[in-house]
Protein chains: 2
Amino acid sequence: MFPPSITLVTLGVTNLDRARAFYAALGWEAAAESQETVVFIQLAGQVLGLFPLDELAKDQGRPGAALGTGAATLARNLGSREEVDAAFALALSAGATALKRPEAVFWGGYSGYFADPDGHVWEVAHNPFWPLAKDGSLTLPSLGT
Amino acid sequence: MFPPSITLVTLGVTNLDRARAFYAALGWEAAAESQETVVFIQLAGQVLGLFPLDELAKDQGRPGAALGTGAATLARNLGSREEVDAAFALALSAGATALKRPEAVFWGGYSGYFADPDGHVWEVAHNPFWPLAKDGSLTLPSLGT
């Protein structure tokens, strides 16, 4: 059995202090479980980890491997276009690199992309067809109650 | 404001049918919102998307970019070592590549890594110090109720 959920998303980083500071500037504070060599941030129902890239490669059982970014994107849906613009601006002020400024997109929503200091790609989006729960969690409409 | 949660994790894939079949073999079924060119799978409180790599690069505002994998790992914590072994075996039977077979690790838990057919890295782990809620969600002990 492999129950469908993700409990922990770990991002490999080249400079842990820089990564911690970037996410703290978003308002994403390191939890007490963080240590000198790893940062843990509580998200809704799951945890975000920041971990040195070389340590991550070792942990994956392939020390020295060059690990890449970009093909896995992490998105935060938000309740309106204005919230998307505000989150995007906050990310840039925290040191993110803009990949695509928020704009209306073909599927009827509004979306922008940025990269964190290590190249991890985030999307902020408003999807009027996929309403969020009050806690920010997302259940697909076909599965909603 | 950038509320700390991830609503959607999108994995770029080179063959959408193969990726859909791999996750279906884990028991992760495509939801009705899926279309010919994108697959959506409901996870606990968030959604997993499978999307062609070249389309993902375009969506990110950088058509033609080579997107990499491995530096962002997705973990599923489970309730016991036996559950980790079973999930790992299921993933291999579904076509995953073993990176590190589950083993006792220095932080006191038990963890294995595999890559999906497109190189996206998953960890299955048991962490006796971080109990899971009944719905599979993870709250750090320092923040628990």
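Some ground rules before going on. This is a predicted model, where local features need pLDDT of at least 70 and side-chain atom pairs count only at pLDDT 80 or more, while totals for chains, interfaces and linings use all residues. Residues are numbered from 1 along each chain as its sequence is written, and chains are lettered from A and ligands numbered from 1 in the order in which they are written.

## Where the two chains meet

Two residues are in contact if their C-beta atoms, placed from the backbone, lie within 7 Å. By that rule, the contact between the chains takes 60 residues from chain B and 60 residues from chain A. On the chain B side, at least two residues each come from strand 1, strand 2, helix 2 (53-59), strand 4 (72-77), helix 3 (81-93) and strand 5 (97-104). Helices (H or I, at least four residues) and strands (E, at least two) are DSSP runs, numbered from the N terminus. Strand 4 of chain B gives the most to this side, with 6 residues.

What is this side made of? The residues of chain B that touch chain A divide into 36 nonpolar, 20 polar and 4 charged. Here Ala, Val, Leu, Ile, Met, Phe, Trp, Tyr, Cys and Pro count as nonpolar, Asp, Glu, Lys and Arg as charged, and the others, Gly among them, as polar. Also, 100% of the interface residues of chain B are interface residues in chain A too, so the copies meet through the same surface.

The chains even share strand pairing (two strands pair if DSSP finds at least two bridges between them). Strand 4 (residues 72-77) of chain A pairs with strand 1 of chain B in the antiparallel sense, over 4 bridges. In that pairing, Leu74(A) sits opposite Val9(B).

## Two domains in chain A

Now zoom in on chain A. Its domain assignment gives domain 1 (1-67) and domain 2 (69-145); such bounds come from an automatic or database domain assignment. The C-alpha centres of the two domains of chain A lie 20 Å apart. Their contact takes 11 residues from domain 1 and 12 residues from domain 2. In domain 1, strand 1 (8-13) and helix 1 (16-25) of chain A each give two or more residues to the side that touches domain 2. Helix 1 of chain A has the largest share, 4 residues. That side of domain 1 divides into 8 nonpolar, 2 polar and 1 charged.

Which residues of helix 1 of chain A are buried? They are Ala19(A), Phe22(A) and Tyr23(A). (A residue is buried if 20 or more other C-beta atoms lie within 10 Å of its own, exposed if 12 or fewer, and partly exposed in between; C-beta atoms are placed from the backbone.) They cover an arc of only 90 degrees around the axis, which puts them on the same side of helix 1 of chain A. The arc is that of the directions from the helix axis to the C-beta atoms. An α-helix has 3.6 residues a turn, so residues three or four places apart point the same way.

The cover over these buried residues includes strand 1, strand 2 (39-42) and strand 3 (47-52) of chain A. After helix 1 of chain A comes Gly27(A), with a positive phi near 95 degrees.

## Strands of chain A

Here is how several strands of chain A pair up.

| Strands of chain A | Sense | Bridges |
|---|---|---|
| Strand 1 and strand 3 | parallel | 6 bridges |
| Strand 2 and strand 3 | antiparallel | 4 bridges |
| Strand 5 and strand 6 | antiparallel | 5 bridges |
| Strand 6 and strand 7 | antiparallel | 6 bridges |

In strand 3 of chain A, Pro52(A) is the bridge partner of Val13(A), and Leu48(A) stands opposite Ile41(A). Strands 2 and 3 of chain A form a hairpin with 4 residues between them, and Gly45(A) in the turn has a positive phi of about 75 degrees.

Strand 6 (residues 110-115) of chain A has 5 of its 6 residues buried, so it is largely enclosed by the rest of the structure. Its Ala115(A) is the bridge partner of Thr97(A), while Tyr113(A) stands opposite Glu123(A) in strand 7 of chain A.
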